[in-house]
Amino acid sequence: QVQLVESGGGLVQVGGSLRLSCAVSGRAASGYVMGWFRQAPRKEREFVAGISRGGGMSRYLDSVQGRFTISRDNAKNTVYLQMNSLKPEDTATYYCAADKDLPSDNYYYVRGNYDYWGQGIQVTVSS
């Protein structure tokens, strides 16, 4: 069983930066594709970024491309989401997700493809 715990959220002004962390326990993170999703009030949970097991491949939601960077440190069993140039529309609860069996990056984008989820952490961007 994999447990995921997010940290690093909070309140930031427009244009600011935050780095989210996702600590993986129970299994080695290196065996899992990792993703970040977000859910704003009254909206569906949406894919933000995904990263392959070794970290060599990543994919992003179009609206965060160039502003957000997903990375991982398998030695520390941790995945990160560096968020720069934050906008009010980035305000949401952010969730870390993991799955052992995703065969390619085409599968990163779909919420239902991930078996394990963190509890979520709030990110609020104020103007």
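Let me start with the disulfides: the count in this predicted model comes to one. A disulfide is a covalent bond between the sulfur atoms of two cysteines. Here the partners are C22 and C96, and their sulfur atoms lie 2.0 Å apart. The link joins distant parts of the chain, since C22 sits in strand β3 and C96 in strand β9, 74 residues apart. The angle about the S-S bond is -80°, and the link of C22 and C96 is left-handed.

Are these two cysteines buried or exposed? C22 has a relative accessibility of 0%, so C22 counts as buried. C96 also comes out at 0% and is buried.

In soluble globular proteins, nonpolar side chains tend to be buried together. The largest core in this model has 29 residues, and those with the most contacts inside it are M34, W36, L81, M83 and Y94. Elements giving two or more residues to this core include β3 (18-25), β4 (33-39), β8 (78-83) and β9 (92-99).

Now a sheet. Four strands form an open sheet in the order β1-β3-β8-β7, with antiparallel pairing. Which strands stand at the edges? They are β1 (3-7) and β7; each has a single partner strand, so one side of each is left without a neighbour in the sheet. On average, neighbouring strands of this sheet are turned by 15° against each other, direction ignored. Between β1 and β3 there are five bridges, in the antiparallel sense. To place that pairing by eye, look for V5, which stands opposite A23 in β3.

Last, the rings. There are six aromatic pairs. One of them is Y32 with Y116, an edge-to-face pair at 6.1 Å centre to centre, with 80° between the planes. Y32 is in the loop between β3 and β4, while Y116 is in strand β10, 84 residues apart. Y32 has 5% relative accessibility, so Y32 counts as buried.

Another pair is F47 with Y109: the centres are 4.7 Å apart and the planes are at 55°, so this pair is tilted. F47 is buried, at 6% relative accessible area, whereas Y109 is partly exposed, at 36%. Ring pairs link F47 and Y109 with F37, Y114 and W117 into a cluster.

Terms used. Residues numbered from 1 in each chain as written. Predicted model: local features only at pLDDT ≥ 70, side-chain atom pairs only at ≥ 80, totals over all residues. Heavy atoms only, no water. Core = buried A, V, L, I, M, F, W, Y, C linked by side-chain atoms within 4.5 Å. Buried < 20%, exposed > 50% of the residue type's maximum accessible area, 1.4 Å probe, protein only. Disulfide = S-S within 2.5 Å. Pairing = 2+ DSSP bridges. Axes fitted to C-alpha atoms, helices over the stretch in contact; angles between N-to-C directions. Phe/Tyr/Trp six-rings, centres within 6.5 Å; stacked < 30°, edge-to-face > 60°.
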